[in-house]
Amino acid sequence: MKGWMSKLKAISALIVLSLVLSGCGEPFLSALQPKGEGSEMIFDLMILSIVIMLFVFVVVMVIYTFVIIKYRRKKDDDPNFIPKQTEGNHALETLWTVIPIILLIILAVPTIQYTFALADTSPEVNEEGEEEDSLWINVTGAQYWWHFEYEGLEVSTSQELYIPTDRKVYLSMTSQDVIHSFWVPTIAGKMDVNPTGNTNEMTLLAKEEDVYWGKCAELCGPSHSLMDFKVVAVSPGEFEQWVQDMQGVTGEEVPESATAQEGQQLFADNCMTCHAIGADPNKMGPNLTNFGDRTKLAGVEDYNKKNIVEWIQTKGKDMKPGNLMTSAPYELSDEEASKIAEYLMTLSPSDITTENAEDGVYKDSDLSSLFPEEEEETEEENGENTEEQGNEENTEQTNEENNEEQTDDQ
Amino acid sequence: MSTTARKAGFGSVLWDYLTTVDHKKIAILYLIGGFFFFILGGLEAMLIRIQLIVPDNDFLSAQFYNEVLTMHGTTMIFLAAMPLLFALMNIAVPLQIGARDVAFPFVNSLGFWLFFFGGVMLNVSWFVTGAPDAGWTSYAPLSIFSEGHGVDFYSIGLQIAGFGTLMAGINFIVTIVNMRAPGMTYMRMPLFTWTTLIASVLILFAFPALTVGLFQLTFDRLFGANFFNPELGGNAIIWEHLFWIFGHPEVYILILPAFGVFSEVIPTFAKKRLFGYSSMVFATVLIAFFGFMVWAHHMFTVGLGPIANSIFAVATMAIAVPTGIKIFNWLFTLWGGSIRLTSPMVFALGFIPTFTIGGMTGVMLASAAADYQYHDSYFVVAHFHYVIVGGTVLGIFAGLIYWWPKMFGTLLNEKLNHWFFWLFFIGFHLTFFFQHFLGLMGMPRRYWVFGEGQGLDTFNFISTIGAFLMAVGTIVFVYNMVMTQVKGKKVSGDPWDARTLEWAIPSPPPFYNFKQLPLVRGLDPLWIEKTEGNGKMQPAEPLGDIHMPNNSFVPFVMSLGLFIAGFGVMFQGSYWFLAAIGFGLFFGSMIYRSFKDDLGYHIHKEDLEDEKGDGSNG
Amino acid sequence: MADDMLKSENLPQNPERATLEGRNKFMGFWFFLGGETVLFASLFGTYLALKNSNAQGPSAEEIFGLELVFIMTIVLLTSSLTSVYAMYHMKNNDFKKMQLWIGITVLLGLIFLGFEIYEFYHYVHGYEFGYTTSAFSSAFYTLVGFHGAHVAFGLGWFLSLMIRNSKRGINLYNAPKFYIASLYWHFIDVVWVFIFTVVYLMGKVG
Amino acid sequence: MADNTNSTSEKQQFYRKKHKEEMKHHVLTFVMMIAFTLIAFGLVMADVSAMFTIPIILIMAAVQVAFQLYYFMHLNQEGHEMPALMIYSGIFAAFLTILALTTIVWW
Ligand code: HEA
Ligand code: HEA
Ligand code: CUA
Ligand SMILES: [Cu+2]
């Protein structure tokens with residue numbers, strides 16, 4: 001199957017590549033420059049279907065142009081000329097029934113294959129034929145931000161999803177209010193997140209380190225178009241490092257500067273009802289554990305102090321119309337807001353940030369430190385309210401082991 | 001009793017139209033209503049495009065954008081495209097089958113007024129708490145959480161308009177089944193009649209699902225039901241299914257009559273019999289049949305699972321086959337013909353490549369796995385505008401220009417029509433072709449703004465420019481329509497040298513259509529008489545009295561009743577009295593109607609003989 | 001011809017389909033019933049999807065009492081037969097008997113409706129099973145209520161026909177009206193057969 | 001257009017007889033329907049296993065409905081081809097709707 005698909009691809013390369021790769025879109029956003037397993041498979045399918053369609057179109061257009069030129073009534077034609085009134089032609093009619101059927105079968109077969117392949121969430125198998133541990137992430141969509149919990153790892157983030165490259169990442173997806181749709185064009189197709197107990201699953205496999213842009217693709221309210229997120233694909237080693245750094249955060253860490261310390265206090269007083277730092281399960285608002293490393297504020301705004309202060313003071317009213325932080329009850333002076341911003345910007349527990357999504361250091365790792373033996377059972381239970389159950393016991397062990405590993409690495 | 005007042009004043013003309021049950025006048029009402037909403041929907045489209053002309057534009061607010069977007073889709077589909085198609089069906093179908101009117105003239109009028117008041121209801125929302133903002137698909141639970149009364153206007157307004165559509169649908173089925181002239185067998189019916197029949201059948205079976213969905217939405221929002229409320233066990237997927245069980249057949253309701261128009265226009269101006277008539281009929285039926293089995297292709301990313309997705313993907317692709325049959329039949333009707341490039345024909349010729357592109361992107365979308373990328377991106381927006389504007393809207397314009405003489409007895413200016421076509425056509429491709437790429441480049445649909453630096457600027461800019469061209473084209477057409485009526489130069493009964501029955505009588509036809517029902521001797525009856533007879537239809541019956549239905553104001557009152565009741569149900573509390581008044585009017589009218597015999601009246605044979613011979617029915 | 005339509009002598013065999021208007025009504029109504037099939041299918045589908053979504057509220061098994069529903073079923077089935085009798089007499093041009101049988105049908109319909117109202121009342125007050133209790137309750141009341149509304153409408157229809165035509169016999173103008181009203185009544189019965197089976201019986205079986 | 005209203009009493013007599021004949025069928029149909037309802041009711045009351053009961057009662061409901069349509073509503077008589085076609089189409093659409101709503105709503 002792969003064989004003739006790529007042959008077809010070769011034939012069509014001339015026609016299509018010029019069309020497609022002529023800088024169509026930005027490399028971090030365009031589905032036409034696939035950099036993940038899912039998007040590459042889909043891209044194959046697109047090329048195949050485009051080739052078929054171009055063929056059909058050419059046939060139609062050739063006949064069309066011919067007829068119009070040939071059979072147009074010219075000025076000096078006899079206006080009383082009556083063409084032959086043909087009723088039909090069985091041979092022709094059969095022809096244009098059968099050929100489309102064949103073309104459609106050619107398209108349908110890989111469509112079904114890929115549809116099943118993309119829905120496959122069984123564990124990956126390594127060279128020895130053993131099942132590898134699967135990294136499951138619970139994705140929650142909310143108006144207008146995304147929340148990610150790494151199952152069994154006691155790590156939560158929002159807005160920016162860190163994943164290891166060359167490794168299948170499994171997503172278990174729901175919504176906490178309306179329907180959203182999780183879309184990272186360059187590495188995978190999209191999948192809706194549903195609020196009514198229907199959990200969806202999909203996989204991500206990024207083949208290159210990069211920061212990929214994600215979009216919400218289902219109308220979800222005024223700020224639907226501002227519900228951007230990022231997928232940060234780093235090498236497995238870096239990922240492992242990142243997880244361990246994130247696991248260390250409790251939210252109690254005292255920042256260095258005095259203003260930031262004041263900010264921390266203000267934050268605790270005003271914001272902790274909705275926001276969490278550390279693996280706290282609170283997801284009324286985005287988890288801010290590594291807020292200092294964000295590339296964008298609230299997914300779309302430029303990340304700088306001025307904007308952060310404005311966000312806090314306006315509660316994002318104009319920056320993200322209709323967002324749910326507008327119901328926050330606090331009143332803060334500009335100065336206080338600035339202190340909070342200062343504090344928030346210090347929240348950078350890990351050296352692994354979006355910048356690391358470019359180089360290939362820490363490449364070698366099989367993430368095994370993240371999957372101690374005991375955890376295997378919890379994987380089965382993913383889906384329903386995983387964050388409360390099961391993980392609690394494992395936390396301590398995980399942390400300990402992680403710490404050991406960390407020292408090993410160094 | 002007849003209200004065909006000669007040289008009537010404005011008041012009596014108005015009254016005549018408010019009470020008319022004549023299919024030709026109802027066609028004009030549908031045309032006016034539909035075109036008004038088309039302009040409105042078009043203006044909304046312009047707002048959308050202006051907002052998206054540059055990145056991070058703040059021409060519209062986020063909330064308002066969603067309202068405009070929702071109303072654009074809803075208005076165009078329910079209040080513009082469908083009524084305009086009904087206008088064409090009303091003017092053409094009874095004449096094409098040689099009937100004096102539709103089966104239920106009263107219901108025909110009721111259908112129109114329900115549509116009209118439903119449309120008004122929807123648009124009143126602009127002035128009361130804001131328009132619906134959850135997209136024309138109104139997915140729950142967003143539509144449940146939506147504040148204000150926008151979505152209530154959507155659900156109640158569409159409910160009312162939907163009843164009207166359902167009635168119109170049943171009416172056409174019965175008309176075509178029961179009222180064909182002697183000799184007009186099913187396989188001699190013109191294709192437009194066929195597609196009207198099949199589209200009406202689709203209406204009959206598709207709209208009830210919407211009715212139920214809308215009731216559930218209304219009950220959830222207004223009466224605390226929990227169909228879609230996750231907290232009490234509801235499920236939002238139910239709405240998606242019901243909406244698309246209706247929604248997909250709906251798109252074939254939109255396209256099939258347009259196919260019918262082209263199947264009239266192309267043979268007429270190629271001066272050739274339609275190639276493969278019976279396979280055209282067969283393909284129409286097949287499209288309708290498959291149309292009911294594919295709805296979940298709008299839900300590929302919802303998570304139904306690979307089995308369901310695969311089944312629906314394959315079923316969807318299957319529709320390409322009958323549609324392809326049609327495309328090639330049209331091409332081979334042209335083959336060997338003597339093609340006149342009149343304006344309806346130019347629209348038909350513009351349709352073929354445009355719709356083929358739209359259909360092809362449809363098949364690409366049908367490839368479930370690939371749809372994970374396309375879905376809810378501008379690729380889909382491009383697809384459906386290619387099929388809707390490139391198919392339905394071009395079909396409506398072709399049909400409108402083609403049957404304009406039958407409606408008004410005048411002929412639109414050909415030159416201006418060609419200007420209109422080229423402006424609209426070029427504008428159309430500029431607007432929507434590049435949207436395919438926008439979608440693939442990562443632009444989701446229903447986006448109020450797109451950001452800078454994402455490579456989406458150029459194509460969006462081109463798209464907006466294109467939309468302006470379309471608007472200019474539309475203005476040319478509006479100007480043409482107005483000027484033609486102002487000049488009022490009359491034309492003959494058969495200005496296009498056409499083939500079907502409606503051209504055998506004067507333009508516009510007398511209110512009883514056919515003095516004597518014609519005898520149909522085959523497909524394209526008028527053409528047969530032109531080539532084998534004396535060019536006139538032979539009568540199938542002796543001249544006799546003609547039975548005509550009475551005008552009635554009741555449809556207007558009934559619809560008004562539902563309109564008023566809608567507000568009562570929506571605002572509740574102290575407004576319940578409105579519901580009482582409204583439903584009172586509605587049911588009261590029904591009872592009045594059932595207690596008052598409506599036997600119609602007769603035009604006497606002698607009066608018919610007095611009418612000037614129109615040179616048609618011998 | 002118009003005046004002929006109001007004469008009740010010399011009725012043809014199928015008076016409901018003897019005129020074009022009659023045939024149109026007849027066809028149109030049947031088609032409408034085709035559409036109603038989908039309408040009720042959508043309601044049934046929703047009900048089936050939500051029948052276990054009783055949230056904290058009562059479940060189907062807890063509340064349904066089959067005896068009453070069984071009696072209701074019998075009543076409605078009987079009313080279907082009585083309306084057939086009415087049509088039988090219509091075809092024999094026996095107006096009085098027709099009115100009588102329609103009267104019986106209406107009576108049975110009223111009994112049915114009365115039971116249904118009692119049943120709902122019982123659920124609401126006996127089990128706190130209101131319209132807004134759960135997704136299941138909304139789906140249940142909407143499905144059964146839609147049917148009930150159809151019954152009520154049918155009763156109104158029959159009554160207005162009886163009253164309107166009480167002073168004149170069967171004629172070509174009103175025969176189609178009576179006929180389609182009886183078709184409607186049968187259809188309501190058809191729907192109920194499924195409600196009885198799918199909602200009540202299957203609700204008890206689980 | 002109307003049926004030939006030739007009303008010799010002979011013809012009337014014939015029709016009356018025919019109607020009577022039909023009426024007999026109707027009563028029979030009715031008895032069957034009551035019987036079916038009773039059986040279904042009995043099965044459920046007797047707590048027979050659900051695996052068995054559900055298909056049986058569904059089939060019986062379908063049969064009852066067929067009886068209603070064919071006998072009470074005369075769908076089998078001539079002149080009912082179009083109505084029959086439309087009812088079948090409606091059942092087809094209805095079937096798909098119910099199938100979908102019972103299978104692909106929860107997962
Ligand atoms: C007039 C309206 C109309 C028509 C006719 C069609 C026709 C088709 N549509 Fe389209 N569609 C819409 C209106 C329409 N659509 C709308 C409004 C939406 C979006 C709704 C929303 O979300 O808001 C939509 C969305 C939509 C989707 C969902 C996309 C998504 O949201 O992810 C899909 C997916 O399968 C689809 C497929 C098709 C197919 C396969 C056809 C086929 O019928 C096309 C068949 C025609 C051809 C194929 C061309 C001619 C054929 C030949 C020349 C023969 C040879 C061809 C081949 C062998 C390929 N459509
Ligand atoms: C029949 C259906 C129909 C038609 C004809 C159109 C016509 C057009 N639509 Fe369409 N559109 C939809 C149905 C239709 N649309 C639907 C269903 C949606 C989805 C909604 C949703 O997501 O919920 C949609 C969404 C949609 C979007 C996507 C918005 C988004 O996702 O954010 C866009 C964007 O470009 C768009 C543009 C246009 C344009 C430029 C036209 C043009 O073709 C319009 C051309 C017409 C005019 C320009 C007329 C204006 C005339 C004048 C201005 C004349 C001036 C006045 C006088 C003479 C008095 N439409
Ligand atoms: Cu979330 Cu759109
Ligand atoms: Cu579709």
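**Notes on a predicted model**

I start with Thr142(C), which sits in helix α5 (residues 135–165) of chain C; helices here are DSSP runs of H or I with at least four residues, strands are runs of E with at least two, and both are numbered from the N terminus. Before going on, the conventions: this is a predicted model, in which local features need pLDDT of at least 70 and side-chain atom pairs count only at pLDDT 80 or more, while totals for chains, interfaces and linings use all residues. Residues are numbered from 1 along each chain as its sequence is written, chains are lettered from A and ligands numbered from 1 in the order in which they are written, and side-chain values use heavy atoms, with hydrogens and water left out.

Back to Thr142(C). Its relative accessible area is 4%, so Thr142(C) is buried; buried means under 20% relative accessible area, exposed means over 50%, and partly exposed is in between, with a 1.4 Å probe and protein chains only. A polar atom of the Thr142(C) side chain lies 2.5 Å from the backbone oxygen of Ser138(C). A polar contact is a pair of N or O atoms within 3.5 Å; within protein, one must be able to donate a hydrogen and the other to accept it, and residues adjacent in sequence count only if both atoms are side-chain atoms.

Staying in chain C, UniProt, in an unreviewed entry, places "transmembrane region" at residues 27–48, 68–88, 100–118, 138–163 and 183–203. UniProt positions are given in the numbering used here, feature names are shortened, and annotations may be inferred rather than shown by experiment. Residues 68–88 of chain C are 100% helix, with the end C-alpha atoms 30 Å apart. Residues 183–203 of chain C are also 100% helix, and there the end C-alpha atoms lie 29 Å apart.

Next, ligand 2. Which residues coordinate its iron atom? They are His72(B) and His385(B), each through NE2, at 2.0 Å. Donors are N, O and S atoms within 2.8 Å of the metal (3.2 Å for Na, K and Ca), and water is not among the atoms, so sites may look incomplete. The six donor atoms around this iron subtend angles of 87 to 180°, which makes the arrangement octahedral; six donors count as octahedral if opposite donors are over 155 degrees apart and all others between 65 and 115. His72(B) lies in helix α3 (residues 62–96) of chain B and His385(B) in helix α14 (residues 378–408), so the pair ties together parts that are 313 residues apart in sequence. Both His72(B) and His385(B) are buried.

The shell around ligand 2 has 35 residues, and the closest are Tyr65(B), His72(B), His385(B), Arg446(B) and Met470(B); a residue is near a molecule if one of its heavy atoms lies within 4 Å of it. A polar side-chain atom of Tyr65(B) is 2.5 Å from an oxygen atom of ligand 2. The largest share of the shell, eight residues, comes from α2(B).

Now the copper ion, ligand 4. His248(B) through ND1, and His297(B) and His298(B) through NE2, coordinate the copper ion at 1.8 to 2.1 Å. In sequence these donor residues are spaced H-x48-H-H. The distance from the copper ion to the iron atom of ligand 1 is 4.5 Å. His248(B) lies in helix α8 (residues 236–270) of chain B and His297(B) in the loop between α9 (277–291) and α10 (306–318), so the pair ties together parts that are 49 residues apart in sequence. His248(B) is buried at 4% relative accessible area, and His297(B) counts as buried at 14%.

Last, the backbone. Most residues other than glycine have a negative phi, and most peptide bonds are trans. In chain B, the peptide bond from Ala140(B) to Pro141(B) is cis, with omega near 0°, and Pro141(B) lies in the loop between α4 (105–124) and α5 (142–145). The bond from Ser507(B) to Pro508(B) is also cis, with omega near -15°.

Where is Gln159(A) found? Gln159(A) is in the loop between β3 (155–158) and β4 (160–164) of chain A. Its phi is near 65°, a positive value in a residue other than glycine, and Gln159(A) is buried, with a relative accessible area of 4%. Ala55(C) has a positive phi too, near 45°, but counts as partly exposed at 30% relative accessibility.

How values were computed: Tetrahedral: all angles 85-135°; square planar, octahedral: opposite > 155°, others 65-115°.
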